[in-house]
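Student: I would like to learn how to read a model such as this one, feature by feature. Could we go through it together?

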Amino acid sequence: MQGRWGAVSGRILQAIPVLVGVVVISFLLTRALPGDPAVQFAGAMATEDSIQQVREALGLDKPLPQQFLIYVGQLLQGDLGRSVSTGQPVAADLAQRLPASLELTLTALILSCAVAIPLGILAATRPGSWIDQLCRVLVTAGVSLPTFFTGIVLIYVFYYLLGIAPSPLGRLDFIYLDPPRVTGFFLIDAALDGDGATWVGALKQLILPAITLALFTLAPIARMTRAAMLSALSADYIRTARAAGLGRGKVLYGYAFRNALLPVVTTLGMVFSFVLGANVLVEKVFAWPGIGSYAVEALVLSDYAAVQGFVLAMALLFVLLNLVIDLAYSVIDPRFGSAAQ
Amino acid sequence: MTEAHLTPARSGTVAHILYVLRENPVTALSFALFGFFLLSALIGPLLVPYDPLATHADRVLSPPSAQHWFGTDNLGRDVFSRVVVATRLDLVISVAAVALSFAIGSVLGAIAGYRGGWTDTVLNRCLDTIMAFPLFVLAMGIVAALGNSVANIIYATAIINIPFYARLVRAEVNIRREAGFTLAAKLAGNSDARVLAFHIFPNALPPMMVQVSLNLGWAILNAAGLSFIGLGVRPPTPEWGIMVAEGANYIVSGEWWLALFPGLWLMLAVFTFNLMGDGLRDIVDPRRRT
Amino acid sequence: MLSIDDLQVAFKTRRGEVDAVKGISFQLARGERLGIVGESGSGKSVTSYALMRILDAGGRIKAGGAVYSGIDLRKASESTMRDIRGREISMIFQNPRAALNPIRKVGHQIEDVLRQHARATRQDARQKAIAALEAVKIRDAAARYEAYPFELSGGMCQRVVIAIALACDPKLLIADEPTTGLDITTQKAVMDLVDGLVRDRGLSSILITHDLGLASQYCDRIVVMKDGLIVEAGEPLRLFTAPQHPYTQKLVDATPRRDVTIRALLPAEARTPLAPHVVAPQPLLQVKGLTKTYAGKSGPVHAVKGSDFTIHQGQSVGLVGESGCGKSTTSSMLARLLDASSGQILFRGEDLARIPAAAFARHPLRARIQMVFQDATDSLNPRHSACQSIAEPLKRMTGLRGAALAARVAELARLTGLPEHLLDRFPHQLSGGQKARVGIARAIAPEPDFLILDEPTAALDVSIQAVVLNLLADLRARLGMSYLFVSHDLNVVRLLCDHVIVMKGGEIVEAGPVARVMDAPAHPYTRDLLSAAPQAPVAATPELPEIRLHAV
Amino acid sequence: AGGDTLVVVSGQTINSLDLHRTGTNRASYQIAVNCYDRLVTFGTKDAPGGGLSYDYSRIEPELAESWTISEDGLTLTFKLKPDATFQDGSKVTAADAKWSFDRAVSVGGFPTTQMKAGGLNRPEQFTVVDDETFVVTLDRPSKLSLPDLAVPVPFIINSTLAQANATAEDPWATEYLHKNTIGSGAFKVVRWDQGQQVVYERNEAWTGGPVPPVRRIIVREVPSAATQRALVERGDVQVAFDIPDKDAAELAEKLTVFSTPIENCIHALCLNSNFEPFQDANVRKAVAWAVPYEAIFNAAAYGRGAPLWGGSEEITDISWPRPSQYATDMEKAADYMAQSAFPDGFETTLSISTDLAYWMEPAALLIQESLAKIGITATLEKIPGANWRTAALVEKTLPMHLENFGGWLNTPDYYFFWAYQKDKLFNSSNYYNEEVERLTDEVLHVAMDDPDYAPKIARMFEIVLEDLPRIPLYQPALNVAVHGADGYQFWFHRQLDIRSLKTVES
Ligand SMILES: Nc1ncnc2c1ncn2[C@@H]1O[C@H](COP(=O)(O)OP(=O)(O)OP(=O)(O)O)[C@@H](O)[C@H]1O
Ligand SMILES: Nc1ncnc2c1ncn2[C@@H]1O[C@H](COP(=O)(O)OP(=O)(O)OP(=O)(O)O)[C@@H](O)[C@H]1O
Ligand SMILES: [Mg+2]
Ligand SMILES: [Mg+2]
């Protein structure tokens, strides 16, 4: 047990240089962006003077190292700065938008797992069969579609042509009011509030974007499940279990699948962080008020604080995600953190 | 005994490739498709019926027909010609990006995996740092900062893919660092660098081939995504991503062919690359030979 | 009790159907201990899997069948089979660590079986599982119940596997090479345990092994298999003294035992006279205070604690000891693949320990010291053909190129008895013995003075081992090399070596001429090793002093 | 959406409720329009493309009941409506007007610049006479001053409330106004979800005009044009504001679409005189004759807006924007090219902005193709939105580029002031002509009915159309599709004035 906690706290320590690197790179990257934010924000009819005023107001007239020190100083006080384009503290913006992205991403992943894992298991139990090949072709087709294209086609078919899906207008149709904010996840908040109609409304809005993202993530999860299941099923302990007369379900799920879960969890982590990035496109298509669209906007406008804040938040999320994976690992695999591994 | 023994027989390689293709129909299909794309990249521009850049005010947005198989776009350009001609650019982007990340990732990963110790630790932290960025957004940032040219799209795509190769090579090298054949190679008088380059690294190739094939697909999707955001290749150069992104605006108004055909083509290309992975791995893996 | 009649098993593979078992028949009486012996790939395991109907996908029973206590095992329904497995017939496998689910507590794994066969309820499962662990004489069974496989030693893992197999009181126990991968002393302990349990409970058992010596020690009757067929069956003593089938004869011959010469391992027709080798008086290699300490995760690991020994020109020195005693570490240091923590390696008076391992690759003495590795598969680059592997040291160290190189490779192949047409093949296309030959050819390519052999035959069948050992003996005589021969098998060492060093826990506990050490072991540990080696029932063998081994 | 609620979709995102704040984007101006009042506003007339439009020629009261202009034109005296109240019920006083005007001229950036256009530079120019009398003193008389009080910028803020929320670092309460509307306008913002929606609710006590017909209006922000279109087409929303020309053209067949040519706005091809080829008058003319106007108007604007080519060379009136005398004539273009210093053509870049790619890209592609025929090889360069203003307007380093300036105050001289005078922001061609410089200065503040005015303006037109630093392409339109709504009115500020919207059964 001690080994596990040791390993987890080791991970936290390892995360520190990563975060430092992220801070530095995001700072440099924003400064390398073309376009002068002062010009951008000075407004339509800006004159030289007003541009200069804005530049001073934003602190952009100072030399870079000094700007960096100021930025780091603010960070250390937990201040992510203020987005010029939204006028809000970046932290507030992110807190507002992150749950939207997370809700979408998690729903997509759950959906994807619900399809991909059984598919992977099915393929692994019949390797080389036509079912296996079909699974391979299907999931590969899913990952081959650009997400924005899938999204648009889905909207066209299900909303415009068939009228089944609700209008792709973000998280909730305007006939509903946002549920009282507890977690920021509408499904959870609406459930906590006991508001069935809003819950269904939020779910309806989620379906198309979640499917769009899920289609894209089927392939890695299904492929990894298949590969992991195949290697688990060919392991000696499976033969032992079968020779001891254990039932098929117990062998497949209790023995093989739990072992196969380890690489699948790793893949899930990678897919999660990948999808959070890919959200950018889907959010744009579905008018989803998440951090992806926030980041694009900020990047286009050279909104330094917003870009930096976004990147830092994502990096923290990434570190957190790795911790969660490690914890999941340590739950699944007793060897985790011990010298044997 | 002849000199020929010193290199594996050529005919054996061809036979092996044929075997791999015959064994799995899906793999064979993917290689056939790849050949098709390669061909359209090489000679497509010579064969297309129209100049992909020529605008025709009189046949704007005409639906697919015998003259225009994929219809025409908002400037009356032939979508089919544009789709075919775009193949070359898209292949160049993805192949160049993947080649770059393959090369850099391999060198970094191989050194880290072989040396271990602090070299490894430093590299790992650097890779973690890159991975901690949402990759697509990082690519966007790089392209936005450097400007949207083909070269910069390639660099951005390469940079975000480097960690995958480096990690993979590192792991593969690491498990072979103490392998018997590594020690044997040292006994045979190979310096560390030679052992790494000629004995250990080639053994990491099979799993890397799968990664390469996946990445070729990703690279195209990545470029398409950048185009969708407005950070893509310069107009009027035909490129699948831009065509889909621009065509997307026309779907609801009924001009579905603008996005659909480039979209399907793009999907088919990515699909081909993704499916090729297993076949490529089997081809470079001598253990699959019989 | 079990009767097998013309059992045929086939596998669907890339290249059509492969007949793995081509029609075998035998009977097993209640309480009988049957041994199945045969070289790798002869169909021993497949036979047992077919009995249990746990063949891999693609495998099927083509014809014939097996009847167990009146139940037709071929036709029985899957649910009947599930009841039979574990409750009537049980199996234990080689490589015990891999045979246990790595992420499940061993106690729970035993419970799974008990619950499956309704031998325990939720309430008493734990207690019964602990009882099963106690039955296999695991110390502190209640605590081990909570352990994961990675927390147990190999011997303990095998005991757990046995506990799982015997938890539901089966009537028949099939043990498929239960001791491969275990230390020689552990092997003995495990076999004694299984044998004891089988006898106590009056079970029938089938022991599958390629070691004729082991089978004869623990079985009442032995079946010899070759290429999917039974070639001979009979009592151990009869098989050893009067083998009928030439294949059995070959196996018997190849089994290392006391009081035979190395040539006697070979089939009679191959027993050419062995040229004597000359041991020069001057030392080739002097090792002084050689020490290696690894920085392990939990404190330093003292792998080698100050070894001193000398090897003369032309001399073969055996290095024996159980797993982990530092044999490989010592040989790696001598081969200059590993830097010593301290000590001297004087090669013809030059201290090699002072040259860093990383720089030694380009040292002129590199060619003088070569090594053959334990695992032939692992030691060949999977991407290099046999020819490329052999040519590699020649290209690097002798600068041979082109036709001269090809000629030399061919010569080496001839010298090691590797058919020339195999030179184009990749390692995975070669058999174990062929791979061993490639490894040897490569090592002797630069004509070294000193050759280190790290268990070169451990992964080979006895008959191939016999050939390889003879090859080594011939090469030594022809090329005048000195050997350091690492092994855990004293019988093998005795055949090839003049001198032997016994290591334990990183220290040399005994050293001396082979005959002296083997016949009059001074150190108790040497005696343990000697008695643990399975002994073939040779009629004229004098009784060895019986030594009890400690329980694991 | 029920009868008393109306839903609008728009592609734009509001980023502040305070127009004066640094960084506030254009879309946010609608808050100032709908939630605040100005002293005066413009009248209403029928728009050329159907529907209603503001009327620049008529100034009407909003918060001011009446006003007088002194003889010398230097003093404007406003009488505030006595019953005008802020949304919190307090009375609108002259002090509020002064505080608001002081704020506009002091915060810097865009509001201050815009105030300057009307000659409003310093707080000292604004005086409170009594609660209901407010005086603005000008440095010189200008025809732009009064109209400049009707633009969104000088909106009147509840100064008591604002000052209560001001701090020493933030004397103008920007922090508070960023998130709160404290005006006297027709609507108040009851809810603002950034990046998603703004919910307006009617102010029943509004005195600035007739009380709006719809109680609640939701403005949803939907970035995707295709989605906007689908929504309005299916009737899920009643108004789609500022939709692309193509959608407008196609939706017009099914729904009511208002495409109002934007006054004083021109999409133009600019030739930067800092680059050698464009210093050659023949080259500029060759380009002007080579531009495929018709094709551009169709491909980039789908025929929405108004053509600005093929006009007569003789200038008889001063209506603006004015069609140029140029049209597509490749022979003339080739002739001019042959006479130029570059008979064999030259290479250049044609820059466009990613943000405006929807019209710039097709236009640029067509221009590129056409120019190739007279030997000019133009490489297309797409500049990211963030860099566009810097490169095109501030640094003015783009050789050939597309541009779309539109002036809020609808007079040609105001356009010239920004687009043709040396070093002015929108003079991205680096154009300098002494006479234009002088004439612009002369007419800028002169009343339009002054006898000198028209001849001077005509002369200015003549010069710039001969010199061609900016080649007019067409006058763009602002497109609004409605489905179950009515009462749309076009405004120069190109934001949706929701005050006049009403629902109709469809
Ligand atoms: N799943 C399978 N597919 C195809 N062929 C198989 C399969 N399993 C076993 N065989 C073949 O069946 C034959 C007998 O194999 P088996 O495992 O019984 O050998 P063995 O006698 O147990 O050898 P070893 O001593 O190496 O364990 C071999 O030739 C092997 O190649
Ligand atoms: N790289 C290493 N780091 C730490 N400890 C090591 C390392 N390599 C070997 N050891 C330890 O050194 C001791 C000797 O190992 P060595 O491989 O020499 O044993 P061996 O006698 O060859 O055993 P076997 O018969 O299993 O091959 C063992 O306890 C082993 O765990
Ligand atoms: Mg076997
Ligand atoms: Mg060893």
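Student: How many salt bridges are counted between chain D and chain A?

Tutor: A salt bridge is a side-chain nitrogen of Lys or Arg within 4 Å of a carboxyl oxygen of Asp or Glu. Between chain D and chain A the count is one, and it is formed by Arg82(A) with Glu175(D), whose closest N and O atoms are 3.2 Å apart. Please keep in mind that this is a predicted model, in which local features need pLDDT of at least 70 and side-chain atom pairs count only at pLDDT 80 or more, while totals for chains, interfaces and linings use all residues. Residues are numbered from 1 along each chain as its sequence is written, chains are lettered from A in the order in which they are written, and side-chain values use heavy atoms, with hydrogens and water left out.

Student: What does chain A average in pLDDT?

Tutor: The pLDDT is the predictor's confidence in each residue, from 0 to 100. Chain A averages 84, and 95% of the residues score at least 70. Where pLDDT is low, the predicted coordinates should not be read in detail.

Student: What area do chain D and chain A bury between them?

Tutor: Buried area is the accessible area (1.4 Å probe) that two parts lose on being put together, summed over both. Here chain D and chain A bury about 3,700 Å², 55% of it on carbon and sulfur atoms. Gln194(D), Arg220(D) and Ala386(D) supply 15% of the area that chain D buries against chain A, more than any other three residues. The contact (heavy atoms within 4.5 Å) takes 47 residues from chain D and 46 residues from chain A.

Student: In what order do the six strands of the open sheet in chain C lie?

Tutor: Two strands pair if DSSP finds at least two bridges between them. In chain C the order is S16-S17-S18-S13-S19-S20, and the pairing is mixed. Strand S16 (369-372) and strand S20 (507-513) of chain C stand at the edges with a single partner strand each, so one side of each is left without a neighbour in the sheet. Strand S13 (residues 316-320) and strand S18 (residues 482-487) of chain C pair in the parallel sense over five bridges, and Ser316(C) stands opposite Tyr483(C) in S18(C).

Terms used: Helix = DSSP H or I, 4+ residues; strand = E, 2+ residues; numbered from the N terminus.
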